[in-house]
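Dear colleague,

I am passing on a structure for you to look through. My notes on it follow below.

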Amino acid sequence: MSIRYSFELFPPRDEASAARVQAAVDAFVGLAPEFVSVTFGAGGSSTHHSLAVLQRLLDGGQSPMAHLTCVGLEVHETARLVRQFLDAGITKFLALRGDEPKDPAHRPRTTLSSAAELVQLIERVEKERVPYAEVPLPGLRSVALAERRAAVEIAVAAFPNGHPGSGIHRSDVDALLAKQAAGATMAITQLFFDPYDYVRFVELARTKGVTIPIVPGIVIPTSLRRLVRSAELAGEGLPQVLADRLEQASPADAVRIGVDAAVAQIAALEEAEAPSVHLYTFNDHRPAVEVLTRLGALTPAA
Ligand code: FAD
């Protein structure tokens, strides 16, 4: 059986990027990804645009995943956001702490300080939102069942090569355990370039008691710029051989090199029994579709 897949999109910032996002949504709606996730701007700055993309995915019959961050917001503001996303029909979340605001003057008085706390808040808001209800059992007078509702699924981030804030003690598996204990049902990793980084992290996580699926996050390095930017954002070292090849390539050859690199990485992860792969698309669906086609993994929507 070929590997399962999901995609990440950013909410658009302008008209040109809105057209790219729409093209990606149209392409993904015709496929059968596990989910499409939509990122969230720090402090709620992208709420409106994130919700608009999520709504288009819902309208296309997808069950999208909303990223949410909590730092920089008062707890009641985060709770209100969670309610807003639930009211829109979102049942899958990626709960993130987010990056601390640079200006300490903007630190809120009350705020959640970790993704583990946000996982708990999402669950609590979801439970409080829907009133308790019972379903009478046919033929049995005065016996009823509490109505079962579709619960939320909450993913969290994992860092195979360490979060930049984890320091020399490499507390990332501990952080992942805390998120699992809080109720997370899946982890998605930060990007990495060597499949062995993922394999080593998963092994360590399993020995320490992490049982939830750990889905590798994959960048398709279709240009030197993309490779350098992704490595910087993730705090990863630059894979020099790949960087040199991309630097010398024409734009069309660079796309081919990036697709080849991602195909090789995913094939190795499939071999290592990764449960699925999450493709960071940077709102360009074409290389993602090309990679999955090459792997024979594409499944059209039913
Ligand atoms: P946490 O896991 O809460 O903390 C980060 C690190 O702190 C941990 O890895 C660990 O080193 C340490 N730590 C925390 N709790 C513990 C503990 N209990 N014990 C030991 N150590 C601990 N940012 C956005 O703004 N918007 C997005 O949409 C977005 N999407 C992302 C998607 C993915 C898949 C990933 C990997 C990152 C994304 N980010 C996004 C970036 C993310 O917000 C930053 O990495 C942020 O600095 C940390 O968020 P977190 O949820 O990993 O935090």
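N283 is buried, with a relative accessible area of 6%, where buried stands for under 20% relative accessible area, exposed for over 50% and partly exposed for the range in between, computed with a 1.4 Å probe on protein chains only. Please keep in mind that this is a predicted model, in which local features need a pLDDT of at least 70 and side-chain atom pairs count only at pLDDT 80 or more, whereas totals for chains, interfaces and linings use all residues. Residues are numbered from 1 along each chain as its sequence is written, and side-chain values use heavy atoms, with hydrogens and water left out.

N283 also has a positive phi of about 65 degrees although it is not a glycine, and it sits in the loop between β11 and α10 (285-294); helices (H or I, at least four residues) and strands (E, at least two) are DSSP runs, numbered from the N terminus. E273, likewise not a glycine, has a positive phi of about 65 degrees and belongs to the loop between α9 (251-271) and β11 (277-280). E273, however, is exposed, with a relative accessible area of 69%.

A backbone N or O atom of F40 is placed 2.8 Å from a nitrogen atom of the ligand, while a polar backbone atom of R97 lies 2.8 Å from an oxygen atom of the ligand. For A115, a backbone N or O atom is 2.8 Å from an oxygen atom of the ligand. The ligand taken alone exposes 960 Å², and the protein buries 81% of that; accessible areas come from the Shrake-Rupley method with a 1.4 Å probe, and for residues only the protein chains shown count as cover.

S50 lies in helix α2 (residues 47-59) and counts as buried at 1% relative accessibility. The side chain of S50 reaches the backbone oxygen of T39 at 2.8 Å.

As for the chain as a whole, its secondary structure comes to 10 helices and 11 strands, and 45% of its 302 residues count as buried. A compact globule of 302 residues would have a radius of gyration near 19 Å, and the 20 Å of the chain agrees with this; the radius is taken over C-alpha atoms, and the globule rule is 2.2 Å times the number of residues to the power 0.38. The C-alpha trace spans about 75 × 50 × 45 Å along its principal axes. Of the contacts in the chain with a separation of 6 or more, 77% are between residues 24 or more positions apart. The accessible surface of the chain is about 15,400 Å², of which 54% belongs to carbon and sulfur atoms.

Technical notes:
Polar contact = N/O pair within 3.5 Å; in protein donor to acceptor, adjacent residues only side chain to side chain. Contact = heavy atoms within 4.5 Å.
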